[in-house]
Amino acid sequence: MEMSGFGAALLPPAPDDGSGDSQAEQTPEPAAELNLEGEELDAEQVSQLTALLKSNAALTALNLDDNHDSISIAQLENLIHALEDNTNLLSLKIGNCVNDADDDDDEEEDGERPSTRLARALKAMLSKNRTLRALHIQENKLIDSDVSILCHGLRANPNSGLRFLKVYGNPFGELGVYGLANAIKSSQSLVALDTRYTYMGSQGAGYFADALKTNTTLRQLDLQGNNIGEDGARALVAAMESNQSLTFLNVPGMFLDEQLAITLATALKRNKDQAGNDASQPQYARRSASGQVVAQSPMIDMSKV
């Protein structure tokens with residue numbers, strides 16, 4: 001396929017044929033990023049993107065967030081599979097890419113939810129890819145069984161380089177959290193996980209608390225917008241007694257009394273100080289405008305990864 005438009009500049013350099021061409025002609029293209037968030041991509045453009053990823057083009061970041069009206073689930077599957085052997089892409093953003101229309105059309109065709117097809121493609125990719133550092137799959141209607149599927153891919157790849165995972169706004173609930181928590185236990189690379197508004201309750205918070213007791217890499221966990229209850233909050237704070245890596249834990253303030261908030265902030269600051277990071281922005285407990293006690297800490301801006 002001939003690459004035109006955004007594809008032409010990202011093709012990998014032609015191999016050296018020994019003709020003595022200039023060094024400039026033999027130098028690979030510089031790293032590139034494509035931000036196509038909310039674009040109305042046509043089928044040809046999506047095919048071009050997939051071909052680029054298969055060719056291992058000099059593309060390091062691809063943002064396709066909010067393209068649910070222009071990318072079909074079949075196209076999304078093909079694009080993700082193209083990453084199985086890709087060694088250049090570092091960041092993939094495909095949040096809000098599962099189309100409501102696919103729920104009716106595709107499920108009748110093969111008996112499987114579009115979100116499940118997405119999860120299976122992600123599982124296959126995550127089990128092989130060693131290069132991807134950031135994956136944003138928020139608001140894709142992933143349910144508990146879908147998250148369990150993709151977590152199998154995370155656990156199956158000891159050489160995974162995935163560091164940032166954003167899954168907020170997916171209604172996967174407690175069982176999905178269970179899969180994520182198990183993935184955290186075995187992960188040697190993940191440093192930030194965004195699970196806001198995922199229908200998590202106190203049991204889900206307990207799963208994460210159990211994982212935090214042994215995990216040594218996770219630095220940021222965002223649980224905002226989940227009804228974790230006082231029991232869930234207490235379990236998380238208790239887990240921080242043994243956790244040595246987490247420096248940001250965002251929990252709904254309504255479930256933290258002042259003593260819990262102070263205990264949490266103290267543990268987060270301890271970890272940050274032990275890591276040797278800049279302590280000019282300390283973790284602390286405060287009351288929000290609504291009177292809730294919350295613990296604060298500097299956080300990783302996952303929109304930039």
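Author: A salt bridge is a side-chain nitrogen of Lys or Arg within 4 Å of a carboxyl oxygen of Asp or Glu. This is a predicted model.

Reader: What makes Lys 128 and Asp 85 a salt bridge?

Author: Their closest N and O atoms are 3.5 Å apart. The cut-off is 4 Å, so the pair counts. The two residues lie in distant parts of the chain, 43 residues apart. Lys 128 sits in the loop between α5 and β4, and Asp 85 in the loop between α3 and β3. Glu 84 joins them in a network of salt bridges.

Reader: Why is Lys 128 called partly exposed?

Author: Its relative accessible area is 41%. Buried means under 20% and exposed means over 50%, so a value in between is partly exposed.

Reader: Which class does Asp 85 belong to, buried or exposed?

Author: Exposed, because its relative accessible area is 60%, and the limit for exposed is over 50%.

Reader: How many salt bridges does a search of the whole structure find?

Author: Nine. One of them joins Glu 77 and Arg 117, with the closest N and O atoms 2.7 Å apart. This pair also links distant parts of the chain. Glu 77 is in helix α3, Arg 117 is in helix α5, and 40 residues separate them. Both Glu 77 and Arg 117 are buried.

Reader: What separates Asp 273 and Lys 269 within helix α10?

Author: About one helical turn, because they are four residues apart in that helix. They form a salt bridge, with the closest N and O atoms 2.8 Å apart. Asp 273 is partly exposed at 35%. Lys 269 is partly exposed at 32%.

Reader: Why does Asp 65 have no salt bridge?

Author: The nearest side chain of opposite charge, Lys 93, is 5.8 Å away. Beyond its sequence neighbours, Asp 65 is in contact with residues including Leu 36, Glu 37, Lys 93 and Gln 138.

Reader: What makes Ser 115 buried?

Author: Its relative accessible area is 1%. The limit for buried is under 20%, so Ser 115 qualifies. This residue lies in helix α5. Leaving aside neighbours within four places in sequence, Ser 115 is in contact with Asn 140, Lys 141, Leu 142 and Asp 146.

Reader: How do you know how α5 and α6 are oriented to each other?

Author: Their axes cross at roughly 10° and come within 7 Å. Angles under 35 degrees count as roughly parallel. The two helices are therefore roughly parallel. Where they meet, α5 supplies residues including Ser 115, Ala 119 and Leu 122, and α6 supplies residues including Asp 146, Ile 149 and Leu 150.

Reader: How do you know what span helix α6 should have?

Author: Helix α6 has 13 residues, and at 1.5 Å a residue it should span 18 Å. The expected span uses one less than the number of residues. The end C-alpha atoms are 19 Å apart, which agrees.

Reader: Which elements do the buried residues of α6 pack against?

Author: They pack against α5, β5 and α7. Among these buried residues are Val 147, Cys 151 and Leu 154.

Terms used
Residues are numbered from 1 along each chain as its sequence is written. This is a predicted model: local features need pLDDT of at least 70, side-chain atom pairs count only at pLDDT 80 or more; totals for chains, interfaces and linings use all residues. Side-chain values use heavy atoms; hydrogens and water are left out. Buried means under 20% relative accessible area, exposed over 50%, partly exposed in between (1.4 Å probe, protein chains only). Contact means heavy atoms within 4.5 Å. Lys and Arg count as positive and Asp and Glu as negative; His and the chain ends are not counted. Axes are lines fitted to C-alpha atoms, for helices over the stretch in contact, and angles run from 0 to 180 degrees between N-to-C directions. Angles under 35 degrees count as roughly parallel, over 145 as roughly antiparallel, 65 to 115 as roughly perpendicular and the rest as oblique.
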